[in-house]
Amino acid sequence: MSQSSPHKVIISGGGTGGHIYPAIAIANALREIESSTEILFVGAKDRMEMQKVPAAGYKIEGLWISGIQRRFTLDNMMFPLKVISSFLGAKSIIKRFKPDIAIGVGGYASWPLLYAANSSGLPTLIQEQNSYAGVTNKFLAKKAEKICVAYHDMDKFFPKEKIVMTGNPVRKDIMEYASKRDEAFKYFELNPVKKTILVVGGSLGARTINESMANRINMIVDADVQLIWQTGKAYFEKAKEVAVKAGDNIKAYEFISRMDLAYAAADIVVSRAGALSISELCLVEKPCILVPSPNVAEDHQTKNAMALVNSNAALMIKDNTAIEVLVPAALKLLQDNVKQEIYKENIAKLAKPDAAKEIAMAIMEIIKKRS
């Protein structure tokens, strides 16, 4: 490859916003370092990356791959065929695109793409978001050049010499949220004088959090507190009915595209404990209550949340107690200014604002070492 040739990078992964938005942030950082860099995303067909990535201005190709369901389904019977199909599809994409490196950010498409890259002799980099590494990344790490991580003590999962402590990439607009408070209240049609809770269950929603809000919505209304409530697709229609009956203080959304404004309006945040959500909360320095999902591999969301709890930077509520205690705990925290300040101060210490740039620099370092 001549020095004038643009570098080519494949980024694979997706399934949820927690994988997609960090991937886009890495792509943007690569373009900031070298504007000529050619970037191709590889995702899972029929998943949200197939819409979100083109909306961000990047090309994407889809593989026929999905996860294994916990119950007996036709999809599970098709899984071996999907693995073979996705691996062959990934090999074909690599052959056509001729990338210099393949990046895995997690999600269904990461495994076939990175495995195909390794079998083709292509260098790979893994971005491990969580405090507890999954089986797939532990397997892929054996041949990866570098593993970019967001938590300390990850050498219990990966070779120490390959680890780069970068943090998780976050969208640039979220890092610039602080100046947008007035815009935020206009956007959500809320009163800037009233206290506001932001509730997010991740890009796909969270049933327990949604039911906790719906079951105790009268407590929120009686406290004259405002609620910005991202429900996900499955719960949105029910939440919309609840919000209409509850009045103007309650705003329900299937998906919030302007998370920068949601954070700007919020006094406290109730959230799942996905890696991206936690990274964003650290950067925006918001007092938060984390409700880890019990339906994730190796219970990694609880481990993510405990990293904050052990630093006195957040409150954690277990999923199986949330329906009873979540709303009362949120209203209590909303009134406790001392606790809020402690959480703000401690969570800010965990922020990694330059994560995307550091990962992009690690990628370029590998490319230039190989060229």
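## Helix α4

In this predicted model, helix α4 is followed by Gly121, a residue with a positive phi near 80 degrees. The helix spans residues 110-119, and seven of its ten residues are buried, so α4 is largely enclosed by the rest of the structure. The buried residues are Ser110, Pro112, Leu113, Leu114, Ala116, Ala117 and Asn118.

## The seven-stranded sheet

Seven strands make up an open sheet with parallel pairing, in the order β3-β2-β1-β4-β5-β6-β7. Its edges are β3 (59-63) and β7 (163-165), each of which pairs on one side only. From one strand to the next, the twist averages 25 degrees.

Within this sheet, β1 (residues 8-12) pairs with β4 (residues 101-104) in the parallel sense, over four bridges. Ile11 stands opposite Ile103 of β4. On to the next pairing: β4 and β5 are also parallel and are joined by three bridges, with Ile103 opposite Leu125 of β5. Helix α1 lies across β1, β2 (38-44) and β5 (124-128), and runs at about 170 degrees to β2.

## Strand β5

Five of the five residues of β5 are buried, so this strand is largely enclosed by the rest of the structure. In a regular strand, side chains alternate between the two faces of the sheet. In β5, Thr124, Ile126 and Glu128 point one way, while Leu125 and Gln127 point the other way. The buried set therefore includes Glu128, at under 20% relative accessible area.

## The six-stranded sheet

Another open sheet has six strands in the order β10-β9-β8-β11-β12-β13, and its pairing is parallel. The edge strands are β10 (250-253) and β13 (315-316); each has a single partner strand, so one side of each is left without a neighbour in the sheet.

Strands β8 (residues 196-200) and β9 (residues 226-230) run parallel and are joined by five bridges. Thr196 stands opposite Gln226 in β9. Helix α10 (residues 236-246) packs on this sheet, where it touches β9 and β10, and its direction makes about 165 degrees with that of β10.

In soluble globular proteins, nonpolar side chains tend to be buried together. The largest nonpolar core here has 92 residues, of which Ile11, Phe41, Leu198 and Ile363 touch the most other members. Helix α1 (residues 17-33) gives the most to this core, with nine residues. A second, separate core has 32 residues, including Val199, Ala214, Val270 and Leu326.

Ile363 can be followed through its contacts. Leaving out residues up to four places away in sequence, Ile363 touches Val9, Ile26, Leu30, Ile101, Ile103 and Leu125. One of these, Ile103, is the residue that stands opposite Ile11 and opposite Leu125 in the strand pairings.

## Lys286

Lys286 lies in the loop between α12 (275-284) and β12 (288-290). Its relative accessibility is 11%, under the 20% cut-off, so Lys286 counts as buried.

What is Lys286 in contact with, leaving aside its neighbours within four places in sequence? The residues are Tyr177, Tyr263, Ala264, Ala266, Asp267, Val269, Leu281 and Ile347. Pro353 is 67 residues from Lys286 along the chain, and the C-alpha atoms of the two are separated by 15 Å.

Most residues other than glycine have a negative phi. Asp224 has a positive value, near 55 degrees. Asp224 is placed in the loop between α9 (217-222) and β9. With 39% relative accessibility, Asp224 counts as partly exposed.

Asn312 also has a positive phi, near 50 degrees. Asn312 lies in the loop between α13 (300-309) and β13, and is partly exposed, with a relative accessible area of 34%.

Terms used. Residues numbered from 1 in each chain as written. Predicted model: local features only at pLDDT ≥ 70, side-chain atom pairs only at ≥ 80, totals over all residues. Heavy atoms only, no water. Helix = DSSP H or I, 4+ residues; strand = E, 2+ residues; numbered from the N terminus. Contact = heavy atoms within 4.5 Å. Core = buried A, V, L, I, M, F, W, Y, C linked by side-chain atoms within 4.5 Å. Buried < 20%, exposed > 50% of the residue type's maximum accessible area, 1.4 Å probe, protein only. Pairing = 2+ DSSP bridges. Axes fitted to C-alpha atoms, helices over the stretch in contact; angles between N-to-C directions.
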